[in-house]
Amino acid sequence: VRRAGARTLPMPGGNMSIPRASSGATASYVGENKNIAKSESGFGDRKFTARKLAALVPISSDLIRFSSPNAEQFVRDDILAGIAVSEDVAFIRAQGSEHTPRGMRYWAAAGNVIAANGTINVANVTTDLGKIEVAVMNADTPMIAPAYIMAPRTLNYLRNLRTANEVYAFPEVNASWQVSDPARSTAMLRGYPVWTTTSIPINLGGGGDESEIYFGDMSEAIIAEVPGIRVDASDTAAYHDGSQLVAAFSQDQLVIRVIEQHDFAMRHETSMAVLTTVKWIG
């Protein structure tokens, strides 16, 4: 979600509100010496509250003593990678709770959640993709950073999809889209960048074979976060292993803990659309 273009805003106090336009002013033509019709811009607030995302990993102190000096760094980086995955899971599909952010799936306006056609062919796939694009554009979304987000399985299907004449339906998805950072190179689809993540499930629906496709303006996706990621290490800490309390000192362990605090929201519900019941496999 971050790489796709979501905006990050500092939230040092743990709570924040940002304004959003809930309705716009209107204009109309008037005749000479006629009264101009009154209109108003409506505004609301999108509120953010810090939610704590944490990871704790005990490792043997022998690993630190007898392995290369980079062992602790390796473990820490592994934890940070795990946190990144957990972020995507929450920012994309979490329903939201007291302790968890609400993801894009449940921020999207009800009218922007559209079921894919059950008959899978080039024409219907093209139409379905157009539906979620139009749902976002019809809401006068700024389209500053529009993008698709989908499961790798779905992108693979689109890469292989051919017309009756054995011509690739979307040849652009087999070409790399190069951005300033080479690590962020990705595919293009219908003129928009595509980002893939396994955080979008492929086992949804009654048959356990459905997935989802997200399309929206990622500049409207807001991550409000308490500045900095807290990383602590201790060889005297105690931790709970799921069944009992363990003392790291007596086990000769080093406990690494990583904590970050953030919240997520779409600034406008209409700036994100979701195609559901996607069974594009191949």
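The charged end of which residue sits over the ring of Tyr-106, and how far is it from the ring's centre?

Author: That's Arg-105: its charged end sits over the ring of Tyr-106, 5.2 Å from the centre. The test here is NZ of Lys or CZ of Arg within 6 Å of the ring centre and within 35 degrees of the ring normal. Before going further, some housekeeping. The model is predicted, so local features need pLDDT of at least 70 and side-chain atom pairs count only at pLDDT 80 or more, while totals for chains, interfaces and linings use all residues. Residues are numbered from 1 along each chain as its sequence is written, and side-chain values use heavy atoms, with hydrogens and water left out.

Back to Arg-105. Its side chain also meets that of Glu-212 in a salt bridge, at 3.1 Å from N to O (a side-chain nitrogen of Lys or Arg within 4 Å of a carboxyl oxygen of Asp or Glu). Glu-212 belongs to strand β10 (residues 211-217) and Arg-105 to helix α3, so the bridge ties together parts that are 107 residues apart in sequence. For the element names, helices (H or I, at least four residues) and strands (E, at least two) are DSSP runs, numbered from the N terminus. Both Glu-212 and Arg-105 are buried; the scale is under 20% relative accessible area for buried, over 50% for exposed and partly exposed in between, with a 1.4 Å probe and protein chains only.

There is another charge over a ring: Arg-102 lies over the face of Trp-107, at 4.0 Å from the ring centre. Arg-102 and Trp-107 also turn up among the contacts of Phe-264, along with Val-1, Phe-48, Met-104 and Ile-223, leaving aside neighbours within four places in sequence (contact means heavy atoms within 4.5 Å).

That leads to the packing. The largest nonpolar core has 30 residues, and Phe-264, Met-104, Val-1 and Phe-48 are among those with the most contacts inside it. Such a core is a set of buried Ala, Val, Leu, Ile, Met, Phe, Trp, Tyr and Cys residues joined through side-chain atoms within 4.5 Å. Elements giving two or more residues to this core include α3 (104-107), α2 (71-93), β11 (221-225) and β15 (253-266). Strand β11 gives the most, with four residues. Apart from this core lies another, of 25 residues, among them Tyr-148, Leu-189, Tyr-192 and Val-278.

Tyr-148 and Tyr-192 bring us to rings. The whole structure holds five aromatic pairs: rings of Phe, Tyr and Trp (its six-membered ring) with centres within 6.5 Å, where planes under 30 degrees apart count as stacked, over 60 as edge-to-face and the rest as tilted. Tyr-148 and Tyr-192 are edge-to-face, 6.4 Å centre to centre with 65° between the planes. Tyr-148 is buried at a relative accessible area of 0%, and Tyr-192 is buried at 15%. The rings of Tyr-157 and Trp-280 have centres 6.0 Å apart and planes at 35°, so that pair is tilted. Here helix α5 (residues 152-160) supplies Tyr-157 and the segment after β16 (272-278) supplies Trp-280, 123 residues apart. Ring pairs also join Tyr-148, Tyr-192 and Phe-215 into a cluster.

Now the other charges. In total there are 10 salt bridges. One of them joins Glu-269 and Arg-46, at 3.3 Å from N to O. Glu-269 sits in the loop between β15 and β16, Arg-46 in strand β3 (residues 42-49), 223 residues apart. Arg-46 is buried, with a relative accessible area of 6%, whereas Glu-269 is partly exposed at 27%. Elsewhere, Glu-166 bridges to Arg-162 with the closest N and O atoms 3.7 Å apart; Glu-166 is exposed at 58% and Arg-162 partly exposed at 34%. Arg-2, Glu-87 and Glu-225 are linked in a network of salt bridges.

Last stop, Thr-141, in the loop between α4 (122-137) and β6. Thr-141 is buried, with a relative accessible area of 10%. A polar atom of its side chain lies 2.8 Å from the backbone oxygen of Val-136. Not counting residues up to four places away in sequence, Thr-141 touches Val-136, Asp-217, Glu-220, Thr-270 and Ser-271.

Key. Polar contact = N/O pair within 3.5 Å; in protein donor to acceptor, adjacent residues only side chain to side chain.
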